[in-house]
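This report walks through one structure, one topic at a time. Please keep the sequence and the 3D view at hand while reading.

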Amino acid sequence: MSWYRPSDIGYSLRRQLADIGLGARLFVRLLMLFGPAFRRFGLIRDQIHFLGNYSLAIIAVSGLFVGFVFGLQGYYTLQRYGSSEALGLLVTLTLVRELGPVVTALLFAGRAGTSLTAEIGLMKAGEQISVMEMMAVDPVQRVLAPRFWAGVIVMPLLAAVFSATGIIGGWVVGVLMIGVDAGSFWSQIQGGVDVWQDVGNGLIKSVVFGFTVTFVALLQGFEAQATPEGVSKATTRTVVMASLAVLGLDFILTAMMFSL
Amino acid sequence: MQRSKIDVWVGLFVLLGVAAVLFLALQAANLLNLNFQPTYQLDARFTDVGGLKPKAAVRSAGVLVGRVEAIRFDDKTFQARVTMSMDSQFAFPKDSSLKILTSGLLGEQYLGLEPGADEKNLVAGDTISSTQSAVVLENLIGQFLYNSASSGGGSQAGKDKK
């Protein structure tokens with residue numbers, strides 16, 4: 001029961017505080033590296049390719065299937081009330097406002113966040129980060145910042161792809177397979193979806209999630225203990241913390257945006 | 001060589017993302033139908049706006065001619081003051097009247113504008129005075145119950161007299 005010793009509590013509390021402080025400092029550092037990072041756009045472009053293009057398949061396929069499922073489930077519920085024409089509106093609002101940003105962020109954390117953490121953790125384990133520091137190359141600027149900004153750029157695009165393929169999936173199931181009238185499917189969507197209230201706020205959400213997931217992944221990689229075990233722990237923590245942060249932030253953002 | 005190949009793929013990715021955003025904005029949210037045509041403001045007073053909301057349509061003969069801009073409560077007259085922005089290409093006579101209508105059984109509420117016969121037209125800042133409030137279901141049921149109760153009571157009283 002050494003845990004109860006006051007000095008141990010104080011030690012762990014102090015370490016937690018130091019972790020938070022270091023995280024906050026790194027976050028501000030990354031935000032301030034906006035200019036320098038974009039001056040070397042080649043690095044960001046490579047990361048967009050790595051994070052974006054390779055995530056595209058899983059995002060598009062997931063979006064399509066979520067759309068399929070929503071088409072079926074939404075029809076099942078709506079036809080009880082005789083308003084199956086509202087299927088398109090149901091699918092679109094759900095995807096654009098909620099599922100598009102959130103599911104994309106969760107998938108992105110699993111697909112790209114883990115690889116970011118593992119890559120940086122292994123760079124640390126291979127002492128590449130220390131070598132850079134010895135050569136007076138700032139690892140935050142050279143390694144972390146391009147990945148960070150690439151993640152922030154990529155996330156809204158992926159979320160938009162997810163929502164768009166989801167709507168197409170809902171259209172395939174609703175209009176082509178079940179036989180909801182195509183005209184009222186689209187006119188309900190166009191009548192009920194607002195560009196700023198729904199599409200715009202969904203995009204803002206996905207940008208915030210882009211910051212969150214990428215930052216969590218980078219911080220975990222950068223903080224990882226330089227051992228195989230440490231890297232594996234850091235990768236797990238990335239998925240857990242990024243998912244929890246995304247879901248928690250989503251509630252706060254939704255409450256802020258849609259209660260007005 | 002390698003660089004330009006990555007460029008192509010990144011370009012494709014970005015294009016795809018932008019295409020998805022455009023799809024959401026144009027096909028789903030119908031951004032093109034947001035008209036940036038000039039409008040003029042009209043006011044109207046209602047005793048009850050029911051479920052009317054800002055951005056609701058103003059229709060005349062079923063055609064969209066404007067949108068509700070704002071709904072405020074006027075504590076001088078204790079009425080609702082509805083501000084509408086009307087499409088400038090349409091002008092309506094001064095004695096036009098407004099009704100709050102519902103599209104379908106459970107649909108959203110909109111304003112129906114019925115043109116009058118006055119020679120002069122409404123201009124910006126005018127107030128439409130002849131308005132018909134929203135139909136509130138509870139009031140309707142209340143009236144129906146009251147009417148049937150009084151008619152039933154009346155016949156009962158008649159029987160008693162006999």
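## Contacts and numbering

Two residues are in contact if their C-beta atoms, placed from the backbone, lie within 7 Å. In chain B, residues 24 or more positions apart account for 61% of the contacts with a separation of 6 or more.

The model is predicted, and local features need pLDDT of at least 70 while side-chain atom pairs count only at pLDDT 80 or more, whereas totals for chains, interfaces and linings use all residues. Residues are numbered from 1 along each chain as its sequence is written, and chains are lettered from A and ligands numbered from 1 in the order in which they are written.

## Confidence in chain A

The predictor's confidence in each residue is called pLDDT and runs from 0 to 100. Chain A averages a pLDDT of 90, with 98% of the residues scoring at least 70. Within chain A, the lowest confidence falls in helix H7 (residues 182–192), with a mean of 82, and the highest in helix H6 (residues 139–178), at 94.

## Chain B and its sheet

Helices (H or I, at least four residues) and strands (E, at least two) are DSSP runs, numbered from the N terminus. Chain B has two helices and eight strands, and along the sequence these follow the pattern α-β-β-β-β-β-β-β-β-α. A residue is called buried if 20 or more other C-beta atoms lie within 10 Å of its own, exposed if 12 or fewer, and partly exposed in between, with the C-beta atoms placed from the backbone; of the 162 residues of chain B, 19% count as buried.

Two strands pair if DSSP finds at least two bridges between them. In chain B, eight strands form an open sheet with mixed pairing, in the order E7-E1-E4-E3-E2-E6-E5-E8. Strand E7 (127–128) and strand E8 (131–132) of chain B stand at the edges with a single partner strand each, so one side of each is left without a neighbour in the sheet. Strands E3 (residues 63–74) and E4 (residues 79–87) of chain B run antiparallel and are joined by eight bridges, and Gly66(B) has Met86(B) in E4(B) as its bridge partner. Strand E2 (residues 57–60) of chain B pairs with strand E6 (residues 109–114) of chain B in the parallel sense over two bridges, where Arg59(B) stands opposite Gly112(B). Strand E5 (residues 97–102) of chain B pairs with E6(B) in the antiparallel sense over six bridges, and there Ser97(B) has Glu114(B) as its bridge partner.

## A bent helix in chain A

Helix H4 (residues 87–125) of chain A bends by about 55 degrees at Leu99(A), and a proline, Pro101(A), follows within four residues; the bend at a residue is the angle between axes fitted to the seven residues ending there and the seven starting there. H4(A) is mostly covered, since 28 of its 39 residues are buried. After H4(A) comes Glu127(A), whose phi is positive, near 60 degrees.

## Nonpolar cores

A nonpolar core is a set of buried Ala, Val, Leu, Ile, Met, Phe, Trp, Tyr and Cys residues joined through C-beta atoms within 7 Å. The largest such core has 66 residues, of which Leu158(A), Val213(A) and Leu218(A) touch the most other members. H6(A) gives the largest share of this core, 19 residues. Not counting residues up to four places away in sequence, Leu218(A) touches Leu116(A), Ile120(A), Leu144(A), Arg147(A) and Phe148(A).
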